[in-house]
Amino acid sequence: MTTVRTRFAPSPTGYLHIGGARTALFNWLYARRHGGQFILRIEDTDRERSTRESVNAILESMAWLGLDYDEGPYFQSDRFPRYRQVIQQLLDAGKAYYCYCSKEELDALRQEQMARKQKPRYDGRCRNRTEPKPGVEPVVRFRNPESGAVVIDDLVRGRVVFQNEELDDLIIARSDGTPTYNLTVVVDDLDMQLTHVIRGDDHLNNTPRQINIMRALGAEPPQFAHVPMILGEDGSRLSKRHGAVSVLEYRDQGYLPEALLNYLVRLGWAYGDKEIFSMDEMIELFDIKDVNKSASTFNPDKLLWLNHHYIMHDDPLHIAHHLRWHLGRLDIDPAEGGPDPLLVVLAQRERCKTLVEMAQSSAFFYRDFEEYDLKAAKKNLKPEALAPLKKLYEQFKAIEEWEPEPLHQIVIDTAGTLGLKLGKVAQPLRVALSGTSVSPPIDVTLHLLGREKTLERIQRAIQFIEGRD
């Protein structure tokens, strides 16, 4: 029995986008389900556009998503001697040839074909040339079969047939000797013994050419699965104008990796009406044959809903791990004081849909705020709030047990003693503690903030009111 081997092969010319992340996920899930291997390959032969920053962004994205690979990352730029060897092998076997056509010659050919309403394609004029053209560095073209058909039994699209006469002799090495994409990908997929190539359907037209090169090398191709693209809500191809499209942008905006993966797996694949999948469930249930043939539409609202679900129901320790990173981005080091982020998660998870929202609305636990929210202060830090705040100050200063229940009782008792509704005591206190009119329940807020900060901030609020009189 053959071991399943899949790969994800991004080009490091930018960030890892959502479509690429879904392709990586589908390959990873297929390999994991079948007890196989998942390989990461960096296709960096485009030397002008490939950057180290892009490579790092891809690796960082894969790590954040938790898509671990069994082999790699392999870099195509390290494999040029191997590509040259295969190009020479094809030349020696008569399955490739040197082409001396100039750009001007090819442009003229193209114009003639378009004028005759023909499909522009190379006409093979150098196929049988035996003499080099002096002063011209030739390209190398693959000698594509001129008859017959390439039949692809695609795991997503079903049977797709390409006629060889529709395919021209593609360039496999440029005039400077560098190999082209369709050559490098074939050599890599064969050398890495891939059994399944799962990729975007924008590669479908390359597939018959790649299969012909594989067969010219005496190899049988892997199984192919071409996954439909992801569209924006307006029906056009997903791009920056639809919002964040980079995986790391979603991390930076406070999404959990599990939420993003759960969302991506459902873009084009379904298992009944089930919406929420753990990673183990994805591995157990995912099958590439169940992926839809039609394009999927990206819905940011659905992703946000999923993210809130995971914040609410995932392991709070796991959420706290990610929250620490977001607190760090606010220059907050939770190890230097303030509540354990785990307790913050438990206090805030019902009302916060992203970890950015959670970090920002919890910053007051860790550091003093510079000023009060104007609207909240105007409404709640009024002269009539002085009496309850001063009484609360004395009560909190005297209490021995700094726990939610007795703290809450002090707030209730203060309202009762002063003949006020609970909100007339709790809201001024909330603004005093947090700087805004929104925080976790007042007893939880008091408990997490601690006695010292609570007393300091009540005193500050008293001085603020008295200074406004």
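**Close-up views of charged residues and a buried helix**

**Glu275, at 27% relative accessibility, counts as partly exposed.** The model shown here and in the other views is predicted. The side chain of Glu275 meets that of Arg266 in a salt bridge, with an N to O distance of 3.4 Å. Arg266 is also partly exposed, its relative accessible area being 22%. The structure as a whole holds 33 salt bridges.

**Glu281 and Lys274 form a salt bridge.** The closest N and O atoms of the two residues are 3.4 Å apart. Glu281 has a relative accessibility of 28% and counts as partly exposed. Lys274 likewise counts as partly exposed, at 28%.

**A salt bridge joins Lys390 to Glu466.** Here the closest N and O atoms lie 3.1 Å from each other. The pair links distant parts of the chain, 76 residues apart: Lys390 belongs to helix α15 (residues 386–398), and Glu466 to helix α19 (residues 451–468). Lys390 counts as partly exposed, with 39% relative accessibility. Glu466 counts as partly exposed too, at 38%.

**Arg82 belongs to a network of salt bridges.** The residues linked in this network are Arg7, Arg41, Glu43, Arg79, Arg82, Asp188, Asp189 and Asp191. Arg82 is found in helix α3, which covers residues 80–92. Its relative accessible area is 27%, so Arg82 is partly exposed. Leaving aside residues up to four places away in sequence, Arg82 touches Val187 and Asp191. Between the C-alpha atoms of Arg82 and Arg460 the separation is 72 Å, and these two residues are 378 residues apart along the chain.

**Four lysines form a positive surface patch.** The members of the patch are Lys375, Lys379, Lys421 and Lys424. Lys375 is found in helix α14, which runs over residues 374–380. Since exposed means over 50% relative accessible area, Lys375 is exposed with its 71%.

**Glutamates gather in a patch of negative charge on the surface.** Glu400, Glu401, Glu403 and Glu405 make up this patch. Glu400 is found in the loop between α15 and α16 (404–418). At 77% relative accessibility, Glu400 counts as exposed.

**Helix α8 is largely enclosed by the rest of the structure.** This helix covers residues 257–265, and nine of the nine are buried, which is why it is described as largely enclosed. Buried means under 20% relative accessible area. The buried residues of α8 are Pro257, Glu258, Ala259, Leu260, Leu261, Asn262, Tyr263, Leu264 and Val265.

Note on methods:
Residues are numbered from 1 along each chain as its sequence is written. This is a predicted model: local features need pLDDT of at least 70, side-chain atom pairs count only at pLDDT 80 or more; totals for chains, interfaces and linings use all residues. Side-chain values use heavy atoms; hydrogens and water are left out. Patches are made of residues with over 30% relative accessible area and no salt bridge: like charges are joined within 9 Å, nonpolar side chains (Val, Leu, Ile, Met, Phe, Trp, Tyr) within 5 Å. Accessible areas come from the Shrake-Rupley method with a 1.4 Å probe; for residues, only the protein chains shown count as cover. Lys and Arg count as positive and Asp and Glu as negative; His and the chain ends are not counted. The place of a charge is taken as NZ of Lys, CZ of Arg, CG of Asp or CD of Glu. Helices (H or I, at least four residues) and strands (E, at least two) are DSSP runs, numbered from the N terminus. Buried means under 20% relative accessible area, exposed over 50%, partly exposed in between (1.4 Å probe, protein chains only). Contact means heavy atoms within 4.5 Å.
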